[in-house]
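Reader: Please show me the sequence and the model. I would like to go through them by question and answer.

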Amino acid sequence: MRFGSLMNEPAARMLRYGRDTQLGWESKEDTTGPFAANYELVGLDLEPNYNYYIYGYRITSGEPNIFYIRWLSDGDVKYHLVDFPSDGTVVYTDNIPINEGEPANVRYGSSIVRIGLFALGAGGAGVKYGAGLLIGRVDQ
Amino acid sequence: MKISEISSRKQFLMENFGEEIDYIEWYVTPPLLGPYPHPYYIFEVHPVYEDLECFIYGYFITSTEENEYLLYWYSNGEPYMIYITPGSEGTILQTTNVAINKSAPLYYGDNAYIVALNPIGDSQLYQVGLLVGTYKIVK
């Protein structure tokens, strides 16, 4: 028997994340430029009838660039901008999601059906980029 | 949300933020593209009902140029402010589990602002926000 099974796991998640959700990192392999402006470095397809909360992100950029996370919340497009004035890495996580109050969700016929993390500027040839999104999903 | 989840959510907020807040939310502007004059009131948030008081638990500033900011709010009509000087362009995402305005919450009629103190340049991108916890006053 796992120790975890002796615990009240949903209650523990409620206390840790504020809702009964299992967090997971959405990642993909590093991207090497060149790529065009508004290139999606990582993203997640959304299913109807769920709210998705963004508990964190990681970005590695081998050159200055601007990044944005884009999602749809109740039909409105939302953005979170992250500026990299130089190359570097940022990992941000918190127990309050960056979209607390504006969860990502999708309706049938929505034009945007993903949470995506994009590079606003074009990626230079041979320059490495990496990105991830820490997502929790709950029933609507 | 089930009753047990509402109770757990309340406990989560209490354990993380110490005040008996009922609700917390990031209030964030859309991306803003300069130019704008200065001082520019980028952002405003306030309690929307008489029986609410608001606590500020974090701020978010992205700008593609260097600037200085004032987080400026009123509590019972009295002004309070803190300067935020990032020192360079970039992103600041700062949260705390003790409210920045713990001793001076916003009441109905009070506002909080983020003000850019220097001009916002042509084609410069900005986005700002505040993490606000709201407490429903029990009379």
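Reader: What percentage of the 139 residues in chain B do buried residues make up?
Author: This is a predicted model, and local features need pLDDT of at least 70, side-chain atom pairs count only at pLDDT 80 or more, while totals for chains, interfaces and linings use all residues. Residues are numbered from 1 along each chain as its sequence is written, and chains are lettered from A and ligands numbered from 1 in the order in which they are written. A residue is buried if 20 or more other C-beta atoms lie within 10 Å of its own, exposed if 12 or fewer, and partly exposed in between, with C-beta atoms placed from the backbone. Of the 139 residues in chain B, the buried share is 33%.

Reader: What is the mean pLDDT of chain B?
Author: pLDDT is the predictor's confidence in each residue, from 0 to 100. The model scores ipTM 0.91 and pTM 0.93. In chain B, 95% of the residues reach 70 or more, and the mean is 90.

Reader: Which pattern does chain B follow along the sequence?
Author: Helices (H or I, at least four residues) and strands (E, at least two) are DSSP runs, numbered from the N terminus. Chain B has one helix and nine strands. Its C-alpha trace spans about 50 × 30 × 20 Å along the principal axes. Read in sequence, the pattern is α-β-β-β-β-β-β-β-β-β.

Reader: What share of the contacts in chain B with a separation of 6 or more comes from residues 24 or more positions apart?
Author: Two residues are in contact if their C-beta atoms, placed from the backbone, lie within 7 Å. Among contacts in chain B with a separation of 6 or more, residues 24 or more positions apart account for 86%.

Reader: Is B:Pro30 buried or exposed?
Author: B:Pro30 sits in the loop between β1 and β2 (32-33) of chain B. Its C-alpha atom is 6.4 Å from that of B:Gln127, 97 residues away along the chain. B:Pro30 has 11 C-beta neighbours inside 10 Å, so it counts as exposed.

Reader: Which element gives the most to the side of chain B that touches chain A?
Author: The contact takes 24 residues from chain B and 20 residues from chain A. On the chain B side, the elements giving two or more residues are α1 (3-17), β1 (23-28), β4 (52-63), β7 (90-95) and β9 (125-136). With seven residues, the one that gives the most is α1(B).

Reader: How many charged residues has the side of chain B that touches chain A?
Author: Ala, Val, Leu, Ile, Met, Phe, Trp, Tyr, Cys and Pro count as nonpolar, Asp, Glu, Lys and Arg as charged, and the others, Gly among them, as polar. This side of chain B has eight nonpolar and eleven polar residues, and its charged residues number five.

Reader: Which residue is the bridge partner of A:Trp71 in β6(A)?
Author: Strand β5 (residues 65-73) of chain A pairs with β6(A) in the antiparallel sense over nine bridges. The two form a hairpin with two residues between them, and A:Asp74 in the turn has a positive phi of about 50°. A:Phe67 stands opposite A:Val82 in β6(A). For A:Trp71, the partner is A:Lys78.

Reader: Which residue in β6(B) is the bridge partner of B:Tyr69?
Author: In chain B, four strands form an open antiparallel sheet in the order β3-β8-β5-β6. Strand β5 (residues 69-75) of chain B and β6(B) run antiparallel, joined by seven bridges. The partner of B:Tyr69 is B:Ile84.

Key: Two strands pair if DSSP finds at least two bridges between them.
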